[in-house]
Amino acid sequence: MPPVRRRGVQKPKNAQKTIKRLISYMGKFKTLWIFVVLCVLIDAGANIAGTYMLKPALNEYIVPFIGKENVDLSAFLKLLSIMAVIYILGALGSYINNRIMLHISTQTLFRIRTDLFRKMESLPLRYFDSHTHGELMSLYTNDTDTLRDMMSQSVPQMLNSLLTVIGVFSMMMVLSPVLSIVVVVFITLTTLTVKAIGKRSAASYREQQKSIGELNGYIEELITGQKVVKVFNHENVAREEFAHLNDNLCNAGTRANTWGTVMGPVTNNMSHIQYAFTSMFGAFLVIKGHISIGTIASFLQYTRNFNRPLGSLSQLFNGILNALAGAERIFAAIDEESEVDDGNVTLVNATETSAKASSDNKSHLVEAFAQTGEWAWKIPETASGLEHSELEKLSGDVRFENVSFSYVPEKEILHNISLFAKPGQTIALVGSTGSGKTTITNLLTRFYDIEDGKGSISYDGIPLKMMKKDDLRRSLGMVLQDTHLFTGTVRDNIKYGNLEASEQQVLAAAKLANADGFIRHLPHGYDTILTGDGGNLSQGQRQLLAIARAAVIDPPVLILDEATSSIDTRTEALIEKGMSRLMEGRTVFVIAHRLSTVRNADCIIVLEKGNIIERGTHEELLAAKGRYYQLYTGAFELS
């Protein structure tokens, strides 16, 4: 999903709080901000001072020199040199200001993006389930872009414009209060006119954006479904619908651009009328002897300098509002509550002592500080009630007891579910879409936690909530229906399950999943670069890599969520033996629509609307001739 494009002016809900938050990020640049303000003052002051020097240049040198010969230009050249130095200082101040603001904005956005990404990595799965990919991506793209523009351009420009407007208007009042009043009257008339046009323009542009969205959506839909359009001979109807939407966009665009193009000429002509009227009125005052030629020349230049920043202030202000709204969304994500992990049971390497076995099998386990291939749960003394930490061998015993769960309070997904999986058993979960199969695995992995009083889940006799989430998930291997591969080599994608895996382990995992054959036929074998989520591979090949990625972990508990849904019958037959080896000795939860893949499960659990309606082996359920029998024989289809 592409990033969401936000159009129009977005206002922050709490601008003051957001500004304080941004200031806290830029707190380390206090000294640089002093230089920024100083450079802005130099830039604005140079423009104001340079314009004022037109008055003495005309009154004291140019006008008196008219008609004279052999005049002394040394003082005039000195004045021009001073003006040149002033403008050079202004240009230098502008350059230094831009460079400093570029550094401040880049470093500030670096810190904000870092905090945002760190927060994203700590957020629970519930957050990502409730936000679209486009919405999250827009935080890193649109919102950070507008924030960068605000810090590097809008804020310095607005500060410069404000100082220029104040300084220029002050100088205009000093030169001629009467002419200043004339300028203010014309600016007021221009503002009222622009406001009236702006209302109509904004409504027209909103209509245009709506029409663009409708047309783009229709085009995307038609291009994606072009094969279906042709199969059902829908071309003529598609053209008619497109013509209708295109006509709407044409009309809306004409209205919007009509008002939009009127705005510029109106403001420009009003500015020209004001300049012309001010010139004529000023000339009248010069003729009457109330002001000098130098004064009117400086004043007219000031009016241009006054109109330009005044016109840009509104646009800059809207840009700042947009940026603050984006910053508010970013900070809202950063302030989201991180995933809570209150577990204190950890997963450690273990080894058995050489002591004689006693009735207590647990006493033979000791923690190891090297890879042993054996794992144990380390229960701290605060949880075990003993004077020392206790080790419980990781075997893969999973039990759900009277578990009820809901993603949202008003809709319960699981109703009083009880099931168990002894070490080494394969449990198949079967049922229609929405029956609660994936929810069970979400609870087992602690992507979601059940509420107190809604049942219990234990793993090797230890309550699941007591286990640290990272350690729990390290003990699990998952193969999901939607395979996701990362940019990198085939080897890197297999090792994603175990970054410390050796080359032999990677090869063994690939062979176990029967992925080794097609990998070696790739252009560079295991060093082939995968991009675009493995777009250069077939869906079946991508899923084989996902199986290999799970195999390299060598987990005691395996979760297969439609792991073979995208693999054809021939490929499925090829990996069946490998999957059997992968599942051997492990506790396995299998979610499957293809019932032929669960025939050998130790227990098949049939779910319907969050309830367990049948359970048993393949043969037992067929003999019962219930829902599973209907599913298997095709009398009832999964959907």
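Where is Ser435 found? I looked it up: Ser435 is in the loop between β7 (426–431) and α13 (437–444). The labels come from DSSP runs, numbered from the N terminus: helices are H or I with at least four residues, strands are E with at least two.

**Ground rules**

I noted that this is a predicted model, where local features need pLDDT of at least 70 and side-chain atom pairs count only at pLDDT 80 or more, while totals for chains, interfaces and linings use all residues. Residues are numbered from 1 along each chain as its sequence is written, and side-chain values use heavy atoms, with hydrogens and water left out.

**Entry: Ser435**

Is Ser435 buried or exposed? I found a relative accessible area of 1%, so Ser435 counts as buried. My cut-offs: buried is under 20% relative accessible area, exposed is over 50%, and partly exposed is in between (1.4 Å probe, protein chains only). I then followed the side chain of Ser435, which reaches the backbone oxygen of Ser432 at 2.8 Å. A polar contact is a pair of N or O atoms within 3.5 Å; within protein, one must be able to donate a hydrogen and the other to accept it, and residues adjacent in sequence count only if both atoms are side-chain atoms. Not counting residues up to four places away in sequence, Ser435 touches Leu607, Glu608, Lys609 and Gly610. Contact here means heavy atoms within 4.5 Å.

**Entry: Thr489**

Next I went to Thr489, which sits in strand β11 (residues 488–489). Thr489 is buried because its relative accessible area is 12%. Its side chain reaches the backbone nitrogen of Asp492 at 3.0 Å. Which residues does Thr489 contact, leaving aside neighbours within four places in sequence? I wrote down Tyr526, Asp527, Thr528 and Ile529.

**Entry: two loop residues**

I found Asp482 in the loop between β10 (476–479) and β11. Its relative accessibility is 65%, so Asp482 counts as exposed. Asp482 and Arg542 are 60 residues apart along the chain, and their C-alpha atoms are separated by 9.6 Å.

Ala370 is in another loop, between β2 (365–367) and β3 (375–379). With a relative accessible area of 46%, Ala370 is partly exposed. I checked Ala370 against Val348, 22 residues away along the chain: the C-alpha atoms are separated by 9.6 Å.

**Entry: a sheet**

I traced an open sheet of 4 strands, in the order β6-β5-β8-β9, with antiparallel pairing. Its edge strands are β6 (414–421) and β9, and each pairs on one side only. Two strands pair if DSSP finds at least two bridges between them. Strands of a sheet pair through backbone hydrogen bonds, either parallel or antiparallel.

I went through the pairs in turn:
- β5 and β6 pair in the antiparallel sense over 5 bridges, and Val398 stands opposite Ala421 in β6.
- β5 (residues 398–405) and β8 (residues 456–459) run antiparallel, joined by 4 bridges, with Phe400 opposite Ile457 in β8.
- β8 and β9 (residues 462–463) run antiparallel with 2 bridges, and Tyr459 has Ile462 in β9 as its bridge partner.

How many residues lie between β8 and β9 in their hairpin? I found 2, and Asp460 in the turn has a positive phi of about 55 degrees.

In helix α3 (residues 54–65), I listed Pro56, Ala57, Leu58 and Tyr61 as the buried residues. Just after α3, Gly67 takes a positive phi of about 85 degrees.

Then I looked at a nonpolar surface patch: Phe35, Leu38, Ile42, Val85, Leu89, Leu92, Tyr95 and Ile96, with about 730 Å² of accessible area together. Patches are made of residues with over 30% relative accessible area and no salt bridge; like charges are joined within 9 Å, and nonpolar side chains (Val, Leu, Ile, Met, Phe, Trp, Tyr) within 5 Å. A salt bridge is a side-chain nitrogen of Lys or Arg within 4 Å of a carboxyl oxygen of Asp or Glu. Areas come from the Shrake-Rupley method with a 1.4 Å probe; for residues, only the protein chains shown count as cover.

α2 (30–52) and α4 (74–122) each supply at least two of the patch residues. The largest share, 5 residues, comes from α4. Leu92 is in α4, and at 43% relative accessible area Leu92 is partly exposed.

**Entry: whole chain**

I finished with totals: the chain has 21 helices and 16 strands, and 41% of its 639 residues count as buried.
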